[in-house]
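Here is a briefing for someone who is meeting this structure for the first time.

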Amino acid sequence: AFIRKHRLIGAEQPIRVGFSGGADSTALTLLLNDAFPHVEAVHLNHHLRGDDAAADAAWCAEFCRQRGIAYTVADLDVTADRRPGEGIEEAGRRLRLDYWRQTTDRASVVALGHHADDCIEDLLLRLARGAGAGGLASMRPTRDLGGVRVVRPLLDVRRTDVEHFLREHGIEDWRRDASNDDATFRRNAVRHQWLPLMLQTVGHDTGLLRSLEALRDDADCLHDIACRSVHAVESV
């Protein structure tokens, strides 16, 4: 329903799914493979966690083999390819985007498993940096990133619902990245420290999702006004 509402994917369009083996990307791979005919799961090995990273790639390969899903693994050496002053997370994002740009044709879409909880974490991080409406609402259902069309079909779904869906389908052994528990990374600190404190204080986080929806509407409106203004000036 979310895909139809936002017109994310055409019926015969090739889909490349970013498949880490985590709960969100595993659920997304299953859902898209059931609904569309041309799905390729792409596992990007960042070589940051030694044997655990190799085990993730092997699990993903076997998962896809059992279900007849096309599978590709690509190696990204984040440590070796970091730029001076660039953090691990920033380098990883840059290398992933470079890979998608270099290997994805314009007829295809790249599907990522970001969900509603990711949106909340992203909102708080960007708010702390002082972003405006466009920046705060940057995780959108679809975006063009350097010529690659990226879609996020799970943005309305909570993390707990993703995990419940997998268990309903008999999947309990999805990959769990131990580094996600390391609160020295800002996003992990938001997930494990900021949000639990907010839930303890306020009792819910649904207000953040409502605010995010309003910010997306504001950002879209401002974008449309700016585009019309530029067009009017260019037409003079």
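A residue is called buried when its relative accessible area is under 20%, exposed when it is over 50%, and partly exposed in between, with a 1.4 Å probe and protein chains only. The model is predicted, with local features needing pLDDT of at least 70 and side-chain atom pairs counting only at pLDDT 80 or more, while totals for chains, interfaces and linings use all residues. Residues are numbered from 1 along each chain as its sequence is written, and side-chain values use heavy atoms, with hydrogens and water left out.

**Aromatic rings**

- Rings of Phe, Tyr and Trp (its six-membered ring) pair if their centres lie within 6.5 Å, and planes under 30 degrees apart count as stacked, over 60 as edge-to-face and the rest as tilted; by this rule there are 4 aromatic pairs.
- In the pair of Phe 19 and Trp 59 the centres are 6.3 Å apart and the planes stand at 50°, so this pair is tilted.
- Phe 19 lies in the loop between strand 1 (15–18) and helix 2 (23–35), whereas Trp 59 belongs to helix 3 (residues 51–67), so their pairing ties together parts 40 residues apart in sequence; helices (H or I, at least four residues) and strands (E, at least two) are DSSP runs, numbered from the N terminus.
- Phe 19 and Trp 59 are both buried.
- Phe 19 also forms a tilted pair with Phe 63, at 5.6 Å centre to centre and 50° between the planes, and since Phe 63 is in helix 3, this pair ties together parts that are 44 residues apart in sequence.

**A buried glutamate**

- Glu 86 is found in the loop between strand 3 (70–75) and helix 4 (88–103), and its relative accessibility of 7% means that it counts as buried.
- Leaving aside residues up to four places away in sequence, Glu 86 touches Asp 81, Ala 91 and Arg 94, where contact means heavy atoms within 4.5 Å.

**Helix 5 and helix 9**

- The axes of helix 5 (residues 116–129) and helix 9 (residues 206–235) come within 10 Å and cross at roughly 75°; axes are lines fitted to C-alpha atoms, for helices over the stretch in contact, and angles run from 0 to 180 degrees between N-to-C directions.
- The two helices are therefore roughly perpendicular, a term for angles of 65 to 115 degrees.
- Residues making the contact include Cys 119 and Leu 123 of helix 5 and Leu 212 and Arg 216 of helix 9.

Key. Parallel < 35°, antiparallel > 145°, perpendicular 65-115°, else oblique.
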